[in-house]
Amino acid sequence: MTTLQQPHHPVLGAVVAITAALDQVAEANPGFMATDQKATTLVEIARAKAQLAELELRVIATADDVAAHSAARDVAAWLHHHTRQRPETLRADLRLATALDRTYGLVAAAMRAGACNPAQAQVITQALDELPGDLDVDIKTKAEETLVAYATQFDPTQLRRLGRRILDVIAPEIAEAEEARRLAAEEAHARKKTWLSMRRLGDGTTRISAVVPDAAADRLATTLEAFASPRRDDGTRTDTGEYLPYDRRLGRAFCQMLETLDPARLPIHGGDATTVIVTIDLDQLRKEAGIAQTLGGTPITAAEARRLACTANILPAVLGSDSEVLDLGRKQRLFTAAQRRALLLRSATCEAEGCDIPGTWAEAHHWIAWAQGGATDLDNAALLCSHHHHRAHDPTYLHKRLPNGDIRFTRRT
């Protein structure tokens, strides 16, 4: 133990006594404790940590002179230099210490009693700070009392939710108006903070990063979960049987959503409904191995181009010699709404064997490929979910229709 000067203040004396007591059990093995003793010890340690944390914050709040003595920016910077703790954690501690010292005495008292831990204190003080500045002092005090009482029952995440609705509990007569004002401010803030960026990674993928309003994120999550069908086992594994994590399922769902957007319902772009154009040589289109390009230069495989040709928002520009445009889409290439309804009557789900993805989520596929002259009619149509539609255009798979109408996929050997 580091040798300290003889304490002249009870706070320093308590800290020295605590470290001395811990030194006495430094070699003690808790493995020999009874189960009930371990349980009691864990709870008491949590309580002691909260009390010690409050004592530290109480000292931090009055330690400006320590920082000034060595010309440190503040006591957080001084602590970082002397204790090697994370600077961002220390700055948060300094903010909390200041809030407890100047404003929130009830929260500090709860920590001193071991009834509120630092994480809960952070959440409570943030919730109280977010209350309207012109709120009556008595109401704000009641909010602090209520949230401190909740700390004995709820964890920080639950307290954060309760803190956002605390006026509903203590002052319901003004809660709705204040909530409307808060939401309006949040929505305005969200609009200012909204952004999206796309960066090519050079390996065939693009990283999409965005900050959007919560409401937009909720809509996106709902849509993607419908495509990802997270409640089903089918689609949660890769072709090799490997488990597919939820975030990867959402990534695939995002791609499927973009492919199935109805261009007729999108804004006019360049004088026409928003459409992706894929250019490909006729010979390349008919080969299993070939390359196409989206307008703008991104290369894709011929197999991917053939699959995309099944969807209404992809316009294939088939080129002959000297890049002469032989075909810039055909109305008969696309299955009509009436044909899709007929397909749904024929099969309410994806037609792949064992797949029960709803047909409303599925895509109309040309059994004989459109690139090979296949007609766009019901006899040449198959209703496939995004996963099986990819497999239908994957040259590593064979697929055939069974007598019962199901489509069986098998990997080529």
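Modeller: Here is a quick tour, from overall make-up to single residues.

Modeller: This is a predicted model, where local features need pLDDT of at least 70, side-chain atom pairs count only at pLDDT 80 or more, and totals for chains, interfaces and linings use all residues. Residues are numbered from 1 along each chain as its sequence is written, and side-chain values use heavy atoms, with hydrogens and water left out.

Colleague: How many helices and strands does the protein have?

Modeller: There are 17 helices and 13 strands. Both are DSSP runs numbered from the N terminus: helices are H or I with at least four residues, strands are E with at least two.

Colleague: What share of the residues is buried?

Modeller: Of the 413 residues, 31% are buried. Buried is under 20% relative accessible area, exposed is over 50%, and partly exposed is in between (1.4 Å probe, protein chains only).

Colleague: Now H4 and H5. At what angle do their axes cross?

Modeller: Roughly 145°, and the axes of H4 (residues 75–83) and H5 (residues 87–102) come within 9 Å. Axes are lines fitted to C-alpha atoms, for helices over the stretch in contact, and angles run from 0 to 180 degrees between N-to-C directions.

Colleague: Which residues meet there?

Modeller: Val-75, Ala-76, Leu-79 and His-80 in H4 meet Pro-87, Leu-90, Arg-91 and Leu-94 in H5. Contact is heavy atoms within 4.5 Å.

Colleague: What about the loop between H4 and H5?

Modeller: Arg-84 lies in that loop. Arg-84 is not a glycine, yet its phi is positive, about 60°. Arg-84 is also exposed, at 63% relative accessible area.

Colleague: Switching to H6. Which residues are buried?

Modeller: In H6 (residues 105–112), Val-107, Ala-108, Ala-110 and Met-111 are buried. They line one face of the helix, because they fall within an arc of 160° seen down the axis of H6. That arc is of the directions from the helix axis to the C-beta atoms.

Colleague: What covers them?

Modeller: The cover includes H2 (35–60), H5, H7 (118–129) and H8 (137–150). Just after H6, Gly-114 takes a positive phi of about 80°.

Colleague: Last one, in H8. Is Thr-146 buried or exposed?

Modeller: Buried, with a relative accessible area of 11%. Leaving aside neighbours within four places in sequence, Thr-146 is in contact with Ile-166 and Ile-170.
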